[in-house]
Amino acid sequence: MAVAESNTYASAGVDIAAGDRAVELMKASVSAATRKEVIGSIGGFAGLFDAAMLQKYRHPILATSTDGVGTKVAIASAMQRYDSVGYDLVGMLIDDLVVVGAEPLFLTDYIACGKVFPERIAAIVGGVANACRENNVALIGGETAEHPGLLEPDEFDLAGATTGVVEADELLGSDRVEAGDILLACKSSGLHSNGFSLVRHVLLNNGGYRLDQHIDEFGKTLGEELLTPTKVYALDCLKVLAATQVHAMSHITGGGLENNLLRVIPAHLGIQIDWESWEPAPIFDFVQRAGNVSLDDMRTTLNMGVGMVLVLPASSVDVAGRVLAERQVDTWPLGIVTQAD
């Protein structure tokens, strides 16, 4: 009887040593993405955050959000550039918290990959950590999972979850919105992290464009334009909340401008958007022309140059605009809340 060949985890495609090396490479960047409430360091089974800080709140409400970068990671893989998608993840997560008025506190990430290349994993997590540090969010934990046979060696996916806190009587939402409120738009940095299935289909699969192809309209290669990091608005919006009255905010992600705005508008009211009040960045026109995409599909898939919208009284517009301008965020009046539904 033949003796069966000995099998190991490594022979099945999982390299524990590579995972350990990835952790060592990312330790410095993760350690820098902290807050004074964080307990312990990287390597534990769970991230720890001292909840005693909630005692300073009269009535603390915890907010949580989970999201991923989506198929934009395919662009990063193809270009072998991994340091920017962490900003996309952090933007998708914490800007969903700030729209209810919450201060983001901590974040955890999850990377699934076909094969652990330590330097690549460290670059991805480094981007997450840098974005967390810049926005005063602690990166308190994460997971890297190697899935050979399910994902190709160069494939990966990036997701995460975050938690924040807001005072109960400062919670933003549709119940505060009134007819006559102004919609104040915040300029996006580009496509952000939504609609990339359409973008890749239009430009790369059907359009015949290459990621390394220089595009005069962008002044850079197509791949560089597509990997432009998501603009993160959380700290900017918190500064506005501290300076003036805001009724609601809308993070413009999948579904486009109108659909995301209507999520924070009460059913008995409506919105009027001035679509001529701004000119979207060249990438939007480029996608539309290259794929012969209808304007309706563009507006319901991509952010069209608007990354965040503040819904606020007319008396607050000047103050909000000034605060955001000081923080290098371009804004303009986008429209108004109307009586009609």
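Predicted model: local features only at pLDDT ≥ 70, side-chain atom pairs only at ≥ 80, totals over all residues.

Reader: How is the packing of two helices described?

Author: Two packed helices are described by two values, the angle between their axes and the distance between those axes. Take helix α5, residues 196–206, and helix α9, residues 282–291: their axes come within 9 Å and cross at roughly 60°. The two helices are therefore oblique to each other. The crossing of α5 and α9 is left-handed.

Reader: Which residues of α5 and α9 make the contact?

Author: From α5 come V199, V202 and L203, and from α9 come F286, V287, A290 and G291. Sorted by class, the α5 and α9 contact holds six nonpolar residues, one polar residue and no charged residues.

Reader: What are the angle and the axis distance for α2 and α5?

Author: The axes of α2 and α5 are 8 Å apart, and the helices pack at an angle of about 50°. That makes α2 oblique to α5. On the α2 side the contact is made by K72, A74 and I75, and on the α5 side by F196, R200 and L204. This contact has four nonpolar, no polar and two charged residues.

Reader: How do I read which side of a helix is buried?

Author: Start with the helix itself. An α-helix has 3.6 residues a turn, so residues three or four places apart point the same way. Now list the buried residues of α9: I283, F284, F286 and V287. Viewed down the axis of α9, these residues fall within an arc of 160°, so they line one face of the helix.

Reader: What covers the buried residues of α9?

Author: The cover includes α5, β8 (214–215), α6 (222–226) and α10 (295–301).

Reader: Which residues of helix α7 are buried?

Author: In α7, residues 234–243, the buried residues are A234, D236, C237 and V240. Their arc around the axis is only 160°, which puts them on the same side of α7. They pack against α3, β4, β10 (248–251), β12 (306–312) and α11 (317–326).

Reader: What should I know about phi?

Author: Most residues other than glycine have a negative phi.

Reader: Where is Q80 found?

Author: Q80 is in the loop between α2 (72–79) and α3 (85–98). Its phi is positive, about 55°, although Q80 is not a glycine. Q80 is exposed, with a relative accessible area of 62%.

Reader: How do I tell whether a residue is buried or exposed?

Author: Look at its relative accessible area: under 20% is buried and over 50% is exposed. K56 has a relative accessible area of 62%, so K56 is exposed. Its place is the loop between β2 (48–49) and β3 (60–68). K56 and S31 are 25 residues apart along the chain, and their C-alpha atoms are separated by 26 Å.

Reader: Is L105 buried or exposed?

Author: L105 counts as buried, at 2% relative accessibility. L105 belongs to strand β4, residues 103–113. Leaving out residues up to four places away in sequence, L105 touches R35, F49, M53, N136, V137, A138, T163, G164 and V165. L198 is 93 residues from L105 along the chain, and 33 Å separates their C-alpha atoms.

Technical notes. Residues numbered from 1 in each chain as written. Heavy atoms only, no water. Axes fitted to C-alpha atoms, helices over the stretch in contact; angles between N-to-C directions. Helix = DSSP H or I, 4+ residues; strand = E, 2+ residues; numbered from the N terminus. Parallel < 35°, antiparallel > 145°, perpendicular 65-115°, else oblique. Left-handed = near helix turned anticlockwise from the far one by under 90°. Contact = heavy atoms within 4.5 Å. Nonpolar A, V, L, I, M, F, W, Y, C, P; charged D, E, K, R; others polar. Buried < 20%, exposed > 50% of the residue type's maximum accessible area, 1.4 Å probe, protein only. Arc of directions from axis to C-beta.
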